[in-house]
Amino acid sequence: MVIEGYYSQVADEIVTAFNTGRMLDLGTGPGYLPIEIAKRAPEITIVGVDLSRQLILMARGNAARAGLAHQLSFEVGNSAKLRFEDESFDTVLSTGMLHSLKDPVAVFKEIFRVLKKGGRAWVYDPSNVTAYIDRKQWKESLNFRERFFLWLFMLLGLHKPIAAYRREQVMPMVETAGFVEVGIDERENEIRIQLRK
Ligand SMILES: C[S@@+](CC[C@H](N)C(=O)[O-])C[C@H]1O[C@@H](n2cnc3c(N)ncnc32)[C@H](O)[C@@H]1O
């Protein structure tokens, strides 16, 4: 996979900071990040949540093929209304979901609620994941159907990336949710938010 490099790099950073405990990955998609983390940290268990049933089925298949089903579980759910109990996770992660949320404050409130005291959340939002990949290599990796949709998207002008949030937009959101320990790293195409409860 072409964007594997992004997940490997983020997984390395995550396991350097956390290598045990119960982790929640919001907007997990096909489960690539949890799989990379589980490979590196056999003590971690991760629950991945996504709105899309199809992506959750893919994530379960990917975890089983990687031989990591004992560490990983995936379920359909809305990050703005999680079914988990208060203070039930050591760490919460999310990559690539923030900019697409209708109500980001509701999601930050849920992250605050399900985190244990002292627990940490890393919300990384590359507004445009393709910023991390070699575009030529990426285009070559697409099958005929994917190329057709890319062409259609470009024709309709729908391919333009949505800008990542800025620090001044994120601060009131995380403060409303209850976080006081906040670190924000703004990059060209990405915002990295690190929170402690
Ligand atoms: C760009 S993808 C990122 C997937 C994965 N985290 C990654 O980095 O490859 C964003 C994902 O967030 C999911 N999503 C969007 N809003 C959500 C919500 N409110 N609750 C759960 N998942 C959501 C989408 O279904 C999609 O799979």
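This is a predicted model: local features need pLDDT of at least 70, side-chain atom pairs count only at pLDDT 80 or more; totals for chains, interfaces and linings use all residues.

Visitor: OK, which sense do β4 and β5 pair in, parallel or antiparallel?

Guide: Parallel, over six bridges, with β4 covering residues 89-95 and β5 covering residues 115-126.

Visitor: And what helix goes with β4 and β5 in a β-α-β unit?

Guide: Helix α4, residues 104-114. Together with β4 and β5, helix α4 makes a right-handed β-α-β unit.

Visitor: How many bridges join β5 to β7?

Guide: Seven, and β5 and β7 run antiparallel; β7 is residues 190-196. If you want a spot to look at, V123 stands opposite I193 in β7.

Visitor: Zooming out, what's the strand order in the sheet?

Guide: It goes β3-β2-β1-β4-β5-β7-β6, an open sheet of seven strands with mixed pairing. At the edges are β3 (72-76) and β6 (181-186), each pairing on one side only. From one strand to the next, the twist averages 15 degrees.

Visitor: What about β1 and β4, how many bridges there?

Guide: Four, and the two strands run parallel, with β1 spanning residues 21-26. D25 is the residue opposite L93 in β4.

Visitor: Now helices. Which strands does α3 lie across?

Guide: Helix α3, residues 53-65, lies across β2 (44-50) and β3, and runs at about 170 degrees to β3. Then there's helix α7, residues 167-177, which packs on the sheet and touches β6 and β7. The direction of α7 makes about 160 degrees with that of β6.

Visitor: Switching to the ligand: which residues come nearest?

Guide: Y7, G27, D50, S79 and T95, out of 15 residues around the ligand.

Visitor: Take G27. How far is its backbone N or O atom from a nitrogen atom of the ligand?

Guide: 2.7 Å for G27. For S79, a polar backbone atom is 2.9 Å from a ligand nitrogen atom. L51 also has a backbone N or O atom 3.3 Å from a nitrogen atom of the ligand.

Visitor: And how much of the ligand does the protein bury?

Guide: The protein buries 78% of the 590 Å² that the ligand exposes when taken alone.

How values were computed
Residues are numbered from 1 along each chain as its sequence is written. Side-chain values use heavy atoms; hydrogens and water are left out. Two strands pair if DSSP finds at least two bridges between them. A crossover is right-handed if, with the strands pointing away from the viewer, the path from the first strand over the helix to the second runs clockwise. Axes are lines fitted to C-alpha atoms, for helices over the stretch in contact, and angles run from 0 to 180 degrees between N-to-C directions. Contact means heavy atoms within 4.5 Å. A residue is near a molecule or strand if one of its heavy atoms lies within 4 Å of it. A polar contact is a pair of N or O atoms within 3.5 Å; within protein, one must be able to donate a hydrogen and the other to accept it, and residues adjacent in sequence count only if both atoms are side-chain atoms. Accessible areas come from the Shrake-Rupley method with a 1.4 Å probe; for residues, only the protein chains shown count as cover.
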